[in-house]
Amino acid sequence: MNRSTVAARGVATAMLAGPWEPPSLRRRITHCLGRDRAPRWVMRLVPQVLELYPRPPRDRPRELAAVIQQLPAWQEALGSTRPPRVLHWLIEPTEMATTRWPVTPLPDLGALARLLDLDTGELAWFADARILERQAREPLRHYRWSARPTRDGVRLLAAPKPRLKEIQRRLLRHVLAPITLHPAAHGGVPGRSVASALAPHAGAQVVIRADLEMFFAAIPARRVYGVLRTAGYPEAVGYAITGLCTTVIPRAVWQAIKPPAGLDRHRRLGQSLAVPHLPQGAPTSPALANLVAFSLDRRLSGLARAFGAEYTRYVDDLTFSGGSRLRSARSAFVEQLAAITADEGFRLVEAKTVALGASGRQQAFGAVLNHHPTLSRPERDALRALLHNCAVHGWRSQARGRDGFPAHVLGRIGHLSGLDPVLGAKLRDRYDRIDWT
């Protein structure tokens, strides 16, 4: 940060530290500069600022500092024999901007620290403004990192350690949950599930599926900060919450991963993970990803309506369905889909963009959609057979030494029930008649 920027921030801080009227503004600027009298450029600076800001921008002091540096009076000050230099830093009160959501008011960093039960030092440590996670050894990291191979590369999971996880859960409840999501978003949303994401597409003539590449890693911290500023939080609070909810991959963790065959995608992933981004594994990431993707959902919903189609998104899976208009213009639709996605800062996985007609199996999220959402016939038959064998031969004969096998079976039935409640209820009745002792 150069001297001009530091001085401008000091002047902006002094201006916001009291009444927003010319005499008071001049006095505070003069005091912060350590001068006995206001320099001539200060006399010109104050009316120039008041012309742009009739009211004090207490929620955005950094913006004010940046604006000050562009004003003619400031350029005059830089060319004077005594350029601006801040000797006394004042404490400026910040406050919430106007918001349309019932979020918890956090007018300053003190209020945020009290909400999270932290002192100011702990708040700065967990927010990691200096991005120490990139170089820190495992005991000092805020996340536990793990790599899971996938069919087309590797997935990096970042699980927050217990203290940070509790901080993020509080932020989820008090800051993120009250903000309205787009109706098309279904993943990580209370009351919306795979079943609700699939229901609008059942029985359609054509279903188009698409995937977003490295969804969480593709959302940088600046877009998270934008959501928080839109919610009314002042700059300092927005920066702190952004730091608490984003991270970077440690250099040692990335270097230990063996590059897969798809080097281009691996390189893009590494570039995204090396800058602050949403970690896949934090409780706040699904909600923040949905909020960032609001504009994407709005535009894709409009695209779907233009083709007489329906649209839903479950995390990074996009699903569209429609009739003859969509079926006859599939190529044009997919082309516009890719263009909108790229314009919104995301990227489609080309190999996973498919169109499924009603004459074949229309499958999404492991469910078949041709008539109503349910598991495929082989999966349904396999689950029925498993319950039959457990009833006839005893469940231990089917467990093959696996721990928690009854819970595993119940989980499979629960997944089916979410898609097909009628069949799920029948299989749950069979489950309840089995002796699981």
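At what angle do helix H1 and helix H4 pack, and how far apart are their axes? The figures below take this up in turn.

This is a predicted model, in which local features need pLDDT of at least 70, side-chain atom pairs count only at pLDDT 80 or more, and totals for chains, interfaces and linings use all residues. Residues are numbered from 1 along each chain as its sequence is written, and side-chain values use heavy atoms, with hydrogens and water left out.

**Figure 1. Helix H1 packs against helix H4.**
H1 covers residues 3-16 and H4 covers residues 61-68. Their angle is about 120 degrees, and their axes lie 8 Å apart. That makes H1 oblique to H4. (Angles under 35 degrees count as roughly parallel, over 145 as roughly antiparallel, 65 to 115 as roughly perpendicular, and the rest as oblique.) Axes are lines fitted to C-alpha atoms, for helices over the stretch in contact, and angles run from 0 to 180 degrees between N-to-C directions. The crossing of H1 and H4 is right-handed. (A crossing is right-handed if the near helix is turned clockwise from the far one by less than a right angle, and left-handed if anticlockwise.) From H1, Ala8, Arg9, Val11, Ala12, Met15 and Leu16 take part. They meet Pro61, Arg62, Leu64, Ala65 and Ile68 of H4. Contact here means heavy atoms within 4.5 Å. By class, this contact has nine nonpolar, no polar and two charged residues. (Ala, Val, Leu, Ile, Met, Phe, Trp, Tyr, Cys and Pro count as nonpolar, Asp, Glu, Lys and Arg as charged, and the others, Gly among them, as polar.)

**Figure 2. The whole chain gives the setting.**
The chain has 21 helices and nine strands. Helices (H or I, at least four residues) and strands (E, at least two) are DSSP runs, numbered from the N terminus. Along the principal axes, the C-alpha atoms fill a box of roughly 95 × 55 × 45 Å. Of the 437 residues, 48% are buried. (Buried means under 20% relative accessible area, exposed over 50%, and partly exposed in between, with a 1.4 Å probe and protein chains only.) Take the contacts between residues at least 6 apart in sequence: 69% of them join residues at least 24 apart.

**Figure 3. Helix H6 packs against helix H8.**
H6 spans residues 109-116. The angle between H6 and H8 is about 110 degrees, with axes 10 Å apart. That makes H6 roughly perpendicular to H8. Leu112, Leu115 and Leu116 of H6 meet Ile167, Arg170, Leu171 and His174 of H8. This contact holds five nonpolar residues, one polar and one charged.

**Figure 4. Helix H8 also packs against helix H11.**
H8 runs over residues 162-176 and H11 over residues 235-245. They pack at about 130 degrees, and their axes are 10 Å apart. That makes H8 oblique to H11. The crossing is left-handed. In H8, Leu164, Ile167, Gln168, Leu171 and Val175 meet Ile241, Leu244 and Cys245 in H11. The contact has seven nonpolar residues, one polar and no charged.

**Figure 5. Ala113 and Leu118 are in contact.**
Ala113 sits in helix H6. Its relative accessible area is 4%, so Ala113 is buried. Beyond neighbours within four places in sequence, Ala113 is in contact with Leu118 and Leu123. Ala113 and Leu123 are ten residues apart along the chain, yet their C-alpha atoms are separated by 6.4 Å. Leu118 lies in the loop between H6 and helix H7 (120-127). Leu118 counts as buried because its relative accessibility is 10%. Not counting residues up to four places away, Leu118 touches Ala113, Leu123, Phe126, Arg163 and Ile167. Leu118 and Ile167 are 49 residues apart along the chain, with their C-alpha atoms 9.2 Å apart.

**Figure 6. Helix H13 has buried residues.**
H13 spans residues 263-273. Its buried residues are His266, Arg268, Leu269, Gly270, Ser272 and Leu273. Their cover includes strand S2 (153-160) and helix H12 (251-255).

**Figure 7. Asp128 and Met214 each have a positive phi.**
Asp128 is not a glycine, yet its phi is about 50 degrees. Asp128 lies in the loop between H7 and strand S1 (143-150). With a relative accessible area of 15%, Asp128 is buried. Phi of Met214 is near 35 degrees. Met214 lies in the loop between strand S3 (206-211) and helix H10 (221-230). Met214 is buried, because its relative accessible area is 18%.
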